[in-house]
Amino acid sequence: MKTLISFQHISLDGFVAGPKGEMNWITANEEIFTHVGQRIHRCDSALYGRNTFGMMEAYWPTAAEQPGASPFTVKHAAWYKQAHKVVLSTSLAGADLPNTTIISNNIAERLLEIKQQGPEGEILLFGSPSAAHSLMQLDLIDGYWLFVNPIILGQGLPLFINTPTKLQLSGSRVFNSGVIEQAYLVDRS
């Protein structure tokens, strides 16, 4: 069975966006891109909420064709095009998008079906805090892949709300920028 991992950039005080949705505080550099790219290319499915999917669709399909595209951008754009995309959205229901599954109802049942398809692997939930909150309440997230940025926002959109969950640390790394990668698996014992 595939595991569903929530991939998030997060502030030291637990926010994934500022009070107005700002994400300009996130550290994204070549060292982090290279590291993230290695893991992303091992998974075959990407899960998004509607808003994050809209941002991804506006950029990645043509990102590699832009002048000065970095090697990471070229590689990630190729991955994005071939990856199976799963989108949680009621407003996109019925949309016919290539290599994309839209889930607008029966989220738990539909995601469990996707998790059971094909070989073992990972489904990465990219950002999408509203979707993450819904999936946490349904106990569908199997792990968290967090990039803790060395900043205290003081307020904003929290990742974790009213969902006590026991976790087991499965890995960590400190980047030169001070960002700390923390990987956790949900402890369901």
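This is a predicted model: local features need pLDDT of at least 70, side-chain atom pairs count only at pLDDT 80 or more; totals for chains, interfaces and linings use all residues.
β7 (residues 143-149) and β10 (residues 180-186) run antiparallel to each other over six bridges; strands (E, at least two residues) and helices (H or I, at least four) are DSSP runs numbered from the N terminus, and two strands pair if DSSP finds at least two bridges between them. Look also for tyrosine 144, which faces tyrosine 184 in β10.

Residues are numbered from 1 along each chain as its sequence is written. Local features need pLDDT of at least 70, side-chain atom pairs count only at pLDDT 80 or more, totals for chains, interfaces and linings use all residues, and side-chain values use heavy atoms, without hydrogens or water.

Leucine 167 sits opposite valine 186 in β10.

**Eight strands make up an open sheet with mixed pairing.** Follow the strands across in the order β5-β4-β3-β6-β1-β7-β10-β9. The edges are β5 (100-103) and β9 (167-174), each of which pairs on one side only. From one strand to the next, the twist averages 20°.

**Helices α1 and α3 pack against each other.** Their axes are 11 Å apart and form an angle of about 25°; axes are lines fitted to C-alpha atoms, for helices over the stretch in contact, with angles from 0 to 180 degrees between N-to-C directions. α1 is therefore roughly parallel to α3, a label for angles under 35 degrees.

**The largest pocket has a volume of about 1100 Å³.** A pocket is an open set of points on a 1 Å grid where a 1.4 Å probe fits, with protein on both sides within 12 Å along at least five of seven lines; lining residues have an atom within 4 Å of a point. The volume is the space filled by probe spheres set on the points. Of the 38 lining residues, Met23, Thr52, Met55, Met56 and Gly127 lie nearest the centre of the pocket.

**Several helices and strands line the largest pocket.** Elements that each supply at least two residues include β1 (3-11), β2 (15-17), α1 (30-40), β3 (45-49) and α5 (129-137). The biggest share comes from α2, with seven residues. In the lining, 22 residues are nonpolar, 15 polar and one charged, where Asp, Glu, Lys and Arg count as charged and Gly as polar.

Definitions and conventions
Angles under 35 degrees count as roughly parallel, over 145 as roughly antiparallel, 65 to 115 as roughly perpendicular and the rest as oblique.
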